[in-house]
Amino acid sequence: MLIDEQFREWASLAANVLEGLGIVAVLVGVLVSAVLAVRNLVRRSGDVFESLRRHLGRSILLGLEFLVAGDIVRTVAVEPTLENVGVLAIIVLVRTGLSFVLELEITGRWPWQAKPGHDAVRDAQREPSRPTD
């Protein structure tokens, strides 16, 4: 019983650390994005708004990954009730959907789409064949 309680305490601590890292990632990302936007505005370099959106989106995506990881650890290791698993499923679905939408906003394509100008099948066909021994 003592080992189980210690495990739950460590898992709870791990979940708190992951959630804290998620919050820090978003906050640092907002600050860095703002500084870069001001720098770009002063230098009049590029599209300031697009650059700000891209940097903000990336920091939010990173923060969401940590937050989801913290939720998973907390639900699976600390409080594995059916209700908590259901809530976790909803949270993961919402955050995954948000991640996909943010990815589309940042890159202009869905996560499963190839990068523009990159075709894996075409690239594989262009590679020279290696002689076999």
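Reader: Before anything else, what is pLDDT, and what does the chain average?
Author: pLDDT is the predictor's confidence in each residue, on a scale from 0 to 100. This is a predicted model, and its chain averages a pLDDT of 82, with 87% of the residues scoring at least 70.

Reader: Which element has the lowest mean pLDDT, and which the highest?
Author: Helix α4, covering residues 120–126, has the lowest mean among the elements of the chain, at 55, while α1 has the highest, at 91. Where pLDDT is low, the predicted coordinates should not be read in detail.

Reader: OK, and the overall fold: how many helices and strands are there?
Author: There are four helices and zero strands in the chain, so that the order of elements from the N terminus on reads α-α-α-α.

Reader: How much of the chain counts as buried?
Author: Of its 133 residues, 23% count as buried. The accessible surface comes to about 9,800 Å², and carbon and sulfur atoms account for 66% of that area.

Reader: Switching to the surface, which residues make the nonpolar patch?
Author: Trp10, Leu13, Val17 and Leu21 make a nonpolar surface patch of about 420 Å². Of these, leucine 13 has its place in helix α1, which spans residues 2–43.

Reader: What is serine 99 in contact with, leaving aside neighbours within four places in sequence?
Author: With those neighbours set aside, serine 99 is in contact with Leu61, Leu64 and Glu65.

Reader: One more, where does arginine 44 lie?
Author: Arginine 44 lies in the loop between α1 and α2, the latter being residues 48–78. Although arginine 44 is not a glycine, it has a positive phi of about 55°.

Reader: Is arginine 44 buried or exposed, then?
Author: Arginine 44 is exposed, with a relative accessible area of 76%, and the cut-off for that class is over 50%.

Definitions and conventions. Residues numbered from 1 in each chain as written. Predicted model: local features only at pLDDT ≥ 70, side-chain atom pairs only at ≥ 80, totals over all residues. Heavy atoms only, no water. Helix = DSSP H or I, 4+ residues; strand = E, 2+ residues; numbered from the N terminus. Buried < 20%, exposed > 50% of the residue type's maximum accessible area, 1.4 Å probe, protein only. Areas by Shrake-Rupley, 256 points an atom, 1.4 Å probe, with all protein chains shown as cover. Patch = residues over 30% accessible without salt bridge, like charges linked within 9 Å, V, L, I, M, F, W, Y side chains within 5 Å. Salt bridge = Lys/Arg side-chain N within 4 Å of Asp/Glu carboxyl O. Contact = heavy atoms within 4.5 Å.
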